[in-house]
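Here is my note on the model, point by point. Please keep the structure open while you read.

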Amino acid sequence: MKITTLVASILMSVLLEPVIASFIDTGKDTSAYNRPLIHLTPNVGWLNDPNGLFYDKKTSVWHAYYQYNPNDTIWGQPLYWGHSSSKDLTHWEEHQVALGPQNDDEGIFSGSIVIDYNNTSGFFDESIDKDQRVVAIYTNSIPDTQTQDIAYSLDGGETFTKYKKNPVIDVNSTQFRDPKVFWHEETNKWIMVVSKSQEYKIQIFGSLDLKTWDLHSNFTSGYLGNQYECPGLIKVPIENTNDYKWVMFLAINPGSPAGGSSNQYFIGEFDGFEFKQDDSITRVMDAGKDFYAFQTFSDNEQDVIGLAWASNWQYANVVPTNPWRSSMSLARKYTLGYVNQNVETKIMTLIQTPILNNLDVINKVEKNNHLLTKNDSVITNFSSSTGLLDFNTTFKVVGESIDSNSLSNIEILIHSQMSNSSTESIKVGFDRSVSAFYFNRDIPNVEFNNNPYFTNKFSTYVEPSHYDEDDMPVYKIYGIVDKNILELYFNDGTQTMTNTFFMSEDKYPHQIEIASNVDGQFELQSLLIRELNN
């Protein structure tokens, strides 16, 4: 590294180091009972959309940037790019702020990072390793416009220098944001998908050098909501084949069907200029309320891996955590496969697999071929808890339903420890009378749960994984609970549900119980419950 570059990096480090203002009460820390252990959170301040996700091949490190307000625990300007990194996508280390705005009423909004391996931008010389030629493409939001700008890093993504001739795209709009950029091998061009948010357009641009961009086409589809945000476009492999499909990701907020914010996706073909859907189906990425602004990692050629913001704009600014607010989802691996929608129809669907590495198993409970009864639940007896637990079960519905007019269910209850002579619980259940899973995060003693937008009960239909030799339905469910977030993966990840929850002060998940309100209608073919530690 040149001396001038080193000096510039030091100066940028000083200028961008966040100063914690009096808006954050660092004396009141709720981390002990509701800060996740393996879901990325900032040490202090506000976090939302993941940005600039990339994999550094030279150092084998994953980098995640994100919308960040270091001066408060609510969204507000000036808005920065925070920065964390991980060697295993499970444990995260926070770095200094990476990018900041020019003025206090501005923000570095969402964007992406690419590795300019062939130096198409001309920002690099031979002293910068080809695998570390980091270029950020982001939305610069100022009071009267939103433009697409670029910046480059000479130190592997720690600090950035803004391009002197920014912006690289300006369409004279205040609703033009969230660029996701990738290299398209077939046409030897950079491709950008970016949202013309309130015109319901995903615009597709092309460039040879990341500086000069040409508009190729527009894409509009799916559930509109109030506006489009955070698009993405990437090849996703089809399981058990050598083929792939292009998948367009699209976020909407507000106005999603479940309320607030959500993600949808579309499957099709992309020729470097236009994305065309294979069908007219709008597919939902996650059935929960806390999965938004999904983005994939760039420069990772083996798998499609991505993160989402694990919150919802309806209540994100008021959740009871301090001195931070919000976390990311777990990193997930994505593939495509044909999945039964019903007994007659299969459709191509994203399959999501959580990435969990280097975790210690503290305790576990296992059961096989166990028939549940009303008076014989399976419950852990962990002497203490880290608040990080997971469960994996395959269960079969057996026998005839007793009464189709009443609930006939199996429930997975997640209990807190005993404190002040009481425990608190959330639960996941399956009701055979309507063949649906439900989730209940209602904890009456917590004032926040009275928030009318923090939906406490909801459900999703899940087709059976398969039918056994007696034509009885079999279901699979994997769940991981991490202090205040529960991620559910149904039938090997063909459907997911991600939700936050909030227990009373000093209470957090300690035990898991599997129970039924009827005798002999649910058989646990296999069950594994684990207490984990990071």
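1. Two strands are taken to pair if DSSP finds at least two bridges between them. Keep that in mind for Val 114, whose bridge partner in S6 is Val 135. The model is a predicted one.

2. S5 and strand S6 (residues 134-142) run antiparallel and share seven bridges. They belong to an open sheet of four strands, in the order S5-S6-S7-S8, with antiparallel pairing. Strand S5 (107-115) and S8 are at the edges with a single partner strand each, so one side of each has no neighbour in the sheet.

3. A second open sheet has six strands. Its order is S24-S34-S26-S27-S28-S29, and the pairing is antiparallel. Its edges are strand S24 (378-379) and strand S29 (457-461), each of which pairs on one side only. Within this sheet, strand S27 (residues 425-431) pairs with strand S28 (residues 436-440) over five bridges, in the antiparallel sense. Asp 431 faces Ala 436 of S28.

4. Now the annotated active site. Where does UniProt place the feature "active site"? The record puts it at Asp 49. This residue lies in strand S1 (residues 45-56). Is Asp 49 buried or exposed? Its relative accessible area is 6%, and buried means under 20%, so Asp 49 counts as buried.

5. The surroundings of Asp 49 deserve a look on screen. Setting aside neighbours within four places in sequence, Asp 49 is in contact with Tyr 65, Tyr 66, Gln 67, Ser 110, Cys 230, Tyr 292, Ala 293, Trp 309 and Met 328. The side chains of Asp 49 and Asn 48 are also joined by a polar contact of 3.1 Å.

6. On glycosylation, the UniProt annotation "glycosylation site" covers Asn 71, Asn 118, Asn 119, Asn 172, Asn 218, Asn 375, Asn 381, Asn 392 and Asn 420. These sites span 350 residues in sequence, and the farthest two C-alpha atoms are 67.4 Å apart, so they do not all gather at one spot.

7. Asn 172 sits between strand S8 (161-162) and strand S9 (176-184). With 70% relative accessibility, Asn 172 is exposed. Asn 375 is in the loop between strand S23 (360-371) and S24. Its relative accessible area is 79%, and Asn 375 also counts as exposed.

8. The chain is assigned two domains. Domain 1 comprises 41-314 + 321-341 + 345-351, and domain 2 comprises 359-533. Their centres, taken over C-alpha atoms, are 33 Å apart. Domain 1 gives 24 residues to the contact and domain 2 gives 23 residues. Between them the domains bury about 1,600 Å², with 52% of it on carbon and sulfur atoms.

9. Finally, Thr 498. This residue is in strand S33 (residues 495-500). Thr 498 is buried, at a relative accessible area of 0%. Which side chain makes a polar contact with the side chain of Thr 498? That of Arg 332, at 2.6 Å. Not counting residues up to four places away in sequence, Thr 498 touches Asp 286, Gly 288, Lys 289, Asp 290, Phe 291, Arg 332, Ile 485, Leu 486 and Glu 487.

Definitions and conventions: Residues are numbered from 1 along each chain as its sequence is written. This is a predicted model: local features need pLDDT of at least 70, side-chain atom pairs count only at pLDDT 80 or more; totals for chains, interfaces and linings use all residues. Side-chain values use heavy atoms; hydrogens and water are left out. Helices (H or I, at least four residues) and strands (E, at least two) are DSSP runs, numbered from the N terminus. UniProt positions are given in the numbering used here, feature names are shortened, and annotations may be inferred rather than shown by experiment. Buried means under 20% relative accessible area, exposed over 50%, partly exposed in between (1.4 Å probe, protein chains only). Contact means heavy atoms within 4.5 Å. A polar contact is a pair of N or O atoms within 3.5 Å; within protein, one must be able to donate a hydrogen and the other to accept it, and residues adjacent in sequence count only if both atoms are side-chain atoms. Domain bounds come from an automatic or database domain assignment. Buried area is the accessible area (1.4 Å probe) that two parts lose on being put together, summed over both.
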